[in-house]
Amino acid sequence: MNWRDFRIWGLAPAWVIMALTLVLPIGIVVLVSLSIRGAYGGFDWGLSFDSYAKILFEEDWDGNLAFTPQYLAIIGRTLWLAGLTTLICAALALPAAYVIAQAPARWKAVLVYLVTLPFWVSMIVRVYAWIIILGNDGVIEKTLRGLGLVADMDSLLFTNGAMLTGLVYSYIPLMILPVFASIEKLDPALIEASHDLYGSRWVTARRVILPLTLPGLMAGAVLVFVPCLGAVLEPILLGGGKVMLMGNLIQTQFGGGRNWPFGAAIAVTLMGLVMIFLMLNALRARREVSHA
Amino acid sequence: MRDVRRYPGARIFTALFFLWLYLPILVVIAYSFNENRLASVWTGFSLRWYESALHNRALLDAVQISLTVAGIATAIATTVALMAALVLVRGRDVRLRRLSETVVNLPLLLPEIVLAVAVLILFSQIGLQNGLLKLVIAHSAFCIPFAFLPIRARLQGMEPDFEEAAQDLYASPWVTFRRVTLPLIAPGVFAGAMLAFVISMDDFITSNLLNSGGSTTLPVYIFGLIKQGTTPELNAISTLIVLGSLILATTALVLTFRNPNRA
Amino acid sequence: MERKKAIEVQNVAKSFGSFQALKGVSFDIYDNEFFTMLGPSGCGKTTLLRMIAGFESPTAGTIRLHGRDILDQPPHKRRVNTVFQSYALFPHMTLEANIAFALENLGWEKARIRDRVAQMLDLVHMTPFARRRPAQLSGGQRQRIALARALASEPEVLLLDEPLSALDLKLRQAMRDELRALQRATGITFIFVTHDQEEALDMSDRICVLGAGEVQQIGAPNEIYEDPENRFVADFIGETNFLPAEVVSVEGDRATVTTPLGPVTTWHKGAVAGAPAMLSLRPEKIGMEDQAPGEALHGTITGRNYMGGYTHYTVTVNGTELRVSKRNAVSHGASLAIGAPVRLGFRPDSARVLAR
């Protein structure tokens with residue numbers, strides 16, 4: 001085995017697989033988004049921006065285009081829910097990770113294990129659990145009824161709140177682990193130094209702990225935000241398909257073979273949003289490095 | 001003396017957080033022992049749904065398909081990731097190093113639904129029919145970064161001294177890899193393989209979109225059951241999956257954190 | 001007797017981007033020699049060692065091992081072994097397996113390997129530990145195993161990269177003697193890299209002082225210390241007083257200079273008549289009071305640092321500060337107070353004139 005050659009052929013399989021299963025197909029998706037919807041599902045090659053126009057406009061009976069907020073609302077809701085999920089995950093992860101990091105060594109290993117464990121449990125099972133809890137006659141409803149607080153209530157399922165709960169629950173481990181890693185690297189002497197220099201707990205948290213764990217928070221934000229934008233399970237099962245997100249909108253277009261070019265156009269839009277987010281994040285990271 | 005590092009309320013918050021983390025899973029487990037046909041009406045303790053789950057042909061088929069796909073995809077992804085990590089961490093003057101690293105991690109940078117749509121269209125265009133093969137290809141691709149990251153971390157955490165010492169002591173590059181590098185990064189390789197396996201077993205979005213007769217994976221099968229409504233059997237199946245994940249996760253963590261330096 | 005050259009370094013240069021780590025270095029190392037490369041960090045000594053081992057290649061120049069150019073050989077083909085600074089003992093192998101590793105790669109027979117491993121363990125007094133793993137050893141024991149592992153295959157040259165720096169002071173002292181003894185016993189050429197001048201002076205047959213990517217001086221320890229080639233060497237090895245001097249005349253190896261302490265005639269390196277120079281005068285060469293040899297100088301004590309075995313005084317003579325070290329020969333002996341007038345003296349031959 002020659003090391004010089006290995007530099008080439010060691011990387012070749014990764015390149016080939018990614019090129020054939022990712023780069024090339026994404027190129028095809030872009031082409032499909034520009035093609036024309038086929039008569040019997042599928043698509044016919046062509047160059048048309050109809051699918052993108054459909055995101056904003058609706059064709060009425062006379063063939064005129066009228067603005068429709070339907071899909072914009074879905075995109076907006078997706079961004080809003082993904083953003084909110086990321087924020088809630090960060091707010092939950094920071095104190096939890098801090099307590100875990102401060103725990104004695106023996107406890108720490110156990111707590112890290114416990115916080116990772118749900119991540120290993122199948123996502124679909126974890127989402128399903130919330131159906132049992134939130135659903136009609138579910139755990140929450142029964143508990144509230146048992147306490148005599150409500151006589152009858154609307155289902156908690158199929159709401160934005162249900163989706164939000166499911167998203168936070170699904171992705172919280174992806175936030176905790178990087179945040180924990182950066183808190184662990186934090187020198188405890190820095191916290192003591194802050195107190196020594198007359199900083200209260202609140203000042204220490206805001207001016208010492210938070211800035212120093214920001215890299216972990218940002219890494220976690222990327223890990224949570226990106227998959228949230230493309231979430232499929234949560235909107236279908238907890239949103240019941242009534243409140244759509246971009247993920248299940250795309251899935252529906254391909255699922256029933258209904259409108260591939262439109263589905264591809266939404267997918268390209270989603271990809272664009274993710275890229276803008278990642279680029280902003282990279283710019284911010286670079287700025288921080290140049291400051292440091 | 002007060003410990004300035006402690007924040008009042010943080011521990012209670014964390015305790016509640018862990019409760020929230022585990023309550024849903026515990027609810028599923030508890031409901032799986034319900035004797036009643038209706039999941040939400042508790043009538044008594046029973047193991048009958050476990051029995052019926054274990055005799056469910058379609059479920060067992062789905063498990064078998066998931067294991068097959070995850071097994072093959074893990075082997076492919078881990079091998080590819082190991083090779084890439086060796087070049088990217090240890091190689092000198094590697095051209096396109098940063099680009100290559102991005103390429104290897106590409107599946108992490110995009111929402112899975114986009115990748116799923118992409119492979120779906122690709123397979124329909126080249127007319128690939130074999131459902132199992134489609135799954136293996138797609139899963140291998142998106143599992144690569146999950147196998148890659150722990151291997152790279154382990155390699156980066158290992159001083160190149162050991163490999164240099166091996167070469168210094170007349171070991172050829174291949175002997176160096178087999179007798180020094182591989183044993184020392186084995187925990188990372190194992191962790192990567194485990195992660196790839198779990199990601200593949202757990203995958204819903206791609207498997208669902210590519211789903212065709214004879215290639216229904218476990219999550220896709222469960223999804224179908226959930227759509228039909230909550231049943232105690234579904235709870236039993238979920239509990240079995242939780243149990244399986246628990247065993248897998250514990251094995252993985254124990255093996256990963258076992259320090260090879262301590263004999 | 002013509003000695004055989006083990007290593008020939010010829011015009012070796014190395015640049016990292018625009019930084020020149022080595023600027024065309026040349027020297028020879030002889031068989032059976034304990035050769036030390038000494039210099040401050042960043043002087044290129046480790047780079048040079050890694051080039052001989054094969055982990056780095058020079059930008060220009062050649063390196064020969066017993067006459068053969070080795071630059072195109074990969075590390076695993078070179079009959080040189082390294083004792084790494086971190087020891088780099090394979091953590092997943094027993095000590096036996098660590099020592100046997102090289103022999104297995106060389107294709108030795110099993111029985112011969114077994115004998116050799118036993119012999120090496122015995123040589124470094126580690127036989128009872130054969131089945132242990134590196135993590136169970138102390139620093140000194142690891143050091144011994146690293147030596148045994150590197151020496152087992154009888155390399156043509158042994159390279160040691162600051163091997164004592166990880167040990168504590170007492171152990172370091174003991175290991176110096178062990179290393180020297182081991183070199184004598186095996187007769188293998190040792191190339192030792194260190195930034196610790198005391199180690200270098202103590203162990204080496206010859207020292208190569210490297211500074212700023214260039215060879216500053218090569219010579220026996222006492223030559224390096226007593227007859228430094230230039231200001232860099234005089235400053236880096238030991239302590240010294242540098243006095244500004246004007247060269248009055250040069251006659252062969254000796255020069256006469258004027259200094260704040262008066263005219264001095266002594267050995268010189270690179271002095272040119274009429275040009276400014278430096279007089280280097282080591283603190284221990286200056287005597288005080290009853291120990292003062294030569295012509296008497298009168299000064300005042302302006303500083304004092306008590307060091308246990310010695311006291312370092314700062315004495316001002318004619319407005320020039322001199323550092324003078326005095327052995328504390330008698331316990332609780334009278335020490336000189338700050339402000340006290342003293343009489344100093346030194347033999348001119350102990351001073352050196354160096355180019356500025």
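Start with the crossing of H3 and H8 in chain B, which is right-handed; that label applies if the near helix is turned clockwise from the far one by less than a right angle, and left-handed if anticlockwise. To see it, select residues 57-90 of chain B for H3 and residues 173-202 of chain B for H8: their axes come within 9 Å and cross at roughly 140°. That angle makes H3(B) oblique to H8(B), since under 35 degrees counts as roughly parallel, over 145 as roughly antiparallel, 65 to 115 as roughly perpendicular and the rest as oblique. The axes are lines fitted to C-alpha atoms, for helices over the stretch in contact, with angles running from 0 to 180 degrees between N-to-C directions.

A word on ground rules: this is a predicted model, where local features need pLDDT of at least 70, side-chain atom pairs count only at pLDDT 80 or more, and totals for chains, interfaces and linings use all residues. Residues are numbered from 1 along each chain as its sequence is written, chains are lettered from A and ligands numbered from 1 in the order in which they are written, and side-chain values use heavy atoms, leaving out hydrogens and water.

Now show side chains. On H3(B), the residues meeting H8(B) include B:Leu67, B:Val69, B:Thr74 and B:Leu82; on H8(B), look for B:Phe177, B:Ile185, B:Val189 and B:Met201, among others. Contact here means heavy atoms within 4.5 Å.

Zoom out to chain B. What do you find there, helices or strands? There are 11 helices and zero strands, taken from DSSP runs (H or I, at least four residues, for helices; E, at least two, for strands) and numbered from the N terminus. The C-alpha trace spans about 70 × 70 × 30 Å along its principal axes.

Next, bring in chain A. The contact takes 90 residues from chain B and 83 from chain A. About 7800 Å² is buried between them, with carbon and sulfur atoms giving 80%. Buried area is the accessible area (1.4 Å probe) that two parts lose on being put together, summed over both. Salt bridges between chain B and chain A number zero.

Finally, switch to chain C. Here 21 residues of chain B meet 30 of chain C, burying about 2300 Å², 60% of it on carbon and sulfur atoms. This pair has two salt bridges (a side-chain nitrogen of Lys or Arg within 4 Å of a carboxyl oxygen of Asp or Glu).
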